[in-house]
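Here's a quick briefing on a ligand site and the nonpolar packing behind it. Have a look at the model first, then read on.

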Amino acid sequence: TAGKALLRVDSLQVRYGAVQALKGVSLHVDAGEVVTIIGGNGAGKSTLMKAISGLEPAAAGSIAFEGQDITRMPGHLRVPLGIAQSPEGRQVFADQTVHDNLLLGAYHRRDGAAAIAADIEAQFHAFPRLRERREQMAGTMSGGEQQMLAIARALMSRPKLLLLDEPSLGLAPLIVKEIFAIIRQLKAQGVTILLVEQMANQALAVADRAYVLETGSFTLEGGAAQLRRDPKIRAAYLGAH
Ligand code: ATP
């Protein structure tokens, strides 16, 4: 129902000087859902993620989280509310170890070192490759490993909403498969995810619902399975005709 969305974005606009990157988009994400935003280069996908996490200001419109208006709340205050972003391009702390990157993901938590250590252990269980590399400098890891670390670090904040910005970017097909398997696993655990992707086929396969973003506006939305069968989507985003 209309009232109980975890995240609700209404008529959101974002501008970079004269460029209107988002022209008034509205979406909602309910608890437990995986929702994907698909769209080509420059459509505004990253801008939308940054507006939700507080890295880009809204020029107009509103963003609400658990019914609270957060449109003008600074990004660092949104993390403790339960919004965590795994940014495009991964952006792990290159000269920190894997372990310390995970620790930094929990920087705002006040529930004590033991709880945080237990969660690091849980991430090592979920991502065995990170355990093997716990003392390795993050910047020396492969792209796929850094992507896993970026996701694990975001999870260390115990988010209610995980924002994943193009987790497949620049990764080999086999690693992309692995990343999507991880997303599927998170979904099975009940993690609520907003996923931005150019790899529409994989994104639609894992998502419950989807929005199609074209030059700053949503042109289509619906059930992911339904959009995956849509001839327009197939022609434009799935390389099929
Ligand atoms: P991609 O998949 O290529 O990353 P995207 O859908 O994530 O694309 P955005 O990065 O959100 O797209 O960019 C949307 C539009 O806003 C583009 O036209 C882009 O050039 C512009 N833009 C993004 N960031 C800035 C910025 N800091 N200053 C000026 N224009 C920007």
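Helix H1 (residues 45-53) supplies the largest share of the shell around the ligand, with 3 residues; helices here are DSSP runs of H or I, at least four residues, numbered from the N terminus. Bear in mind that this is a predicted model: local features need pLDDT of at least 70, side-chain atom pairs count only at pLDDT 80 or more, and totals for chains, interfaces and linings use all residues. Residues are numbered from 1 along each chain as its sequence is written, and side-chain values use heavy atoms, with hydrogens and water left out.

**Around the ligand**
- Asn41, Gly42, Lys45, Ser46 and Thr47 come nearest among the 13 residues around the ligand (a heavy atom within 4 Å counts as near).
- By class, that shell holds 7 polar, 3 nonpolar and 3 charged residues, with Gly counted as polar.

**Polar contacts** (N or O pairs within 3.5 Å)
- Thr47 puts a polar side-chain atom 2.5 Å from a ligand oxygen.
- For Asn41, a side-chain N or O atom sits 2.7 Å from an oxygen of the ligand.
- Gln198 has a polar side-chain atom 3.1 Å from a ligand oxygen.
- The protein buries 62% of the 640 Å² that the ligand exposes when taken alone (Shrake-Rupley, 1.4 Å probe).

**Nonpolar cores** (buried Ala, Val, Leu, Ile, Met, Phe, Trp, Tyr and Cys joined through side-chain atoms within 4.5 Å; buried means under 20% relative accessible area, 1.4 Å probe, protein chains only)
- In the largest core, of 45 residues, Leu130 and Ile193 touch the most other members.
- Helix H6 (residues 143-155) gives the most to this core, 7 residues.
- A second, separate core has 29 residues, including Leu22 and Met73.

How values were computed
Polar contact = N/O pair within 3.5 Å; in protein donor to acceptor, adjacent residues only side chain to side chain. Helix = DSSP H or I, 4+ residues; strand = E, 2+ residues; numbered from the N terminus. Buried < 20%, exposed > 50% of the residue type's maximum accessible area, 1.4 Å probe, protein only.
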